[in-house]
Amino acid sequence: MDPIEVMRDHRKGNTVRKLVLLGILAALNPALAFAAGAEKAPDAGDVSAGRDLALSLCTPCHVVSRDQERPPILRPPAPSFRVIADKQGISAESLRTFLSTTHSTIDTPGNMPNPSLSEDQIRVLVSYILSLRSSR
């Protein structure tokens, strides 16, 4: 049967409409997720590289991984990467901006050093931090 004829068949109309609607929603899902502020899953290679970089640069002040060898020496410690990842309003873009500019904020008034990070280092750190998000 021609799809147009199926759509005209009143007995199957509701079913067909539901299937068409589900198809449209499935096709739009990535666009809807992006519009709602959701971001794509971080690349596994970037996450691993970001974890390694964070362990080498950030552990004096942050808990970056549950299995890091030494606790932060900063007292009180800076927020853990998991807390940062779950903070409301945190996005890949906000993290990129934060890591590429002066790090003085209300939460860290002048306490955080301003590391000079390359774009690649920022990308992998952002991927790692976002990978730590709790499911929302």
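Trainee: Where do R96 and E93 lie, and how many residues apart are they?

Mentor: Happy to start there. In this predicted model, R96 and E93 both belong to helix 5 and sit three residues apart, about one turn of the helix. As a general idea, an α-helix has 3.6 residues a turn, so residues three or four places apart point the same way.

Trainee: What does R96 form with E93?

Mentor: First the general point: side chains of opposite charge can pair when their charged atoms come close. Here R96 forms a salt bridge with E93, and their closest N and O atoms are 3.1 Å apart. R96 is partly exposed, at a relative accessible area of 34%, and E93 is also partly exposed, at 48%.

Trainee: Which residues of helix 5 are buried?

Mentor: Helix 5 covers residues 92–100, and A92, L95 and L99 are buried in it. Looking down the axis of helix 5, you find these buried residues within an arc of 65°, so they line one face of the helix. They pack against helix 4 and helix 6.

Trainee: How many salt bridges does the structure hold?

Mentor: There are four salt bridges. One of them joins R123 and D46, with 3.0 Å between the closest N and O atoms. R123 lies in helix 6 and D46 in helix 3, so this pair ties together parts that are 77 residues apart in sequence.

Trainee: Is D46 buried or exposed?

Mentor: D46 is buried, because its relative accessible area is 15% and the cut-off for buried is under 20%.

Trainee: Which residues are linked with R123 in a network of salt bridges?

Mentor: D46 and D120 are linked with R123 in that network. D120 and R123 form a salt bridge whose closest N and O atoms are 2.7 Å apart. Both D120 and R123 are in helix 6, with a spacing of three residues, about one turn of the helix.

Trainee: Let's move to a loop. Where does Q68 lie, and is Q68 buried or exposed?

Mentor: Q68 is in the loop between helix 3 (44–57) and helix 4 (81–86). Q68 is buried, with a relative accessible area of 13%.

Trainee: What does the side chain of Q68 reach?

Mentor: The Q68 side chain reaches the backbone oxygen of H62 at 3.4 Å. A polar atom of that side chain also lies 2.7 Å from the backbone nitrogen of V64. Setting aside neighbours within four places in sequence, Q68 is in contact with L55, T59, H62 and V63.

Trainee: Which peptide bond is cis?

Mentor: In general, most peptide bonds are trans. In this chain, the bond from R75 to P76 is cis, with omega near -10°. P76 lies in the loop between helix 3 and helix 4.

Trainee: What is R51 in contact with?

Mentor: R51 lies in helix 3 and, at 24% relative accessibility, counts as partly exposed. Apart from neighbours within four places in sequence, R51 is in contact with S65, D67 and Y128. The C-alpha atoms of R51 and S65 are separated by 7.8 Å, although these residues are 14 apart along the chain.

Trainee: How many helices and strands does the chain have?

Mentor: The secondary structure comes to six helices and zero strands. Of the 136 residues in the chain, 27% are buried. Among contacts between residues at least 6 apart in sequence, 52% join residues at least 24 apart. The accessible surface is about 9700 Å², with 60% of that belonging to carbon and sulfur atoms.

Notes. Residues are numbered from 1 along each chain as its sequence is written. This is a predicted model: local features need pLDDT of at least 70, side-chain atom pairs count only at pLDDT 80 or more; totals for chains, interfaces and linings use all residues. Side-chain values use heavy atoms; hydrogens and water are left out. Helices (H or I, at least four residues) and strands (E, at least two) are DSSP runs, numbered from the N terminus. Buried means under 20% relative accessible area, exposed over 50%, partly exposed in between (1.4 Å probe, protein chains only). A polar contact is a pair of N or O atoms within 3.5 Å; within protein, one must be able to donate a hydrogen and the other to accept it, and residues adjacent in sequence count only if both atoms are side-chain atoms. Contact means heavy atoms within 4.5 Å. Accessible areas come from the Shrake-Rupley method with a 1.4 Å probe; for residues, only the protein chains shown count as cover. The arc is that of the directions from the helix axis to the C-beta atoms. A salt bridge is a side-chain nitrogen of Lys or Arg within 4 Å of a carboxyl oxygen of Asp or Glu.
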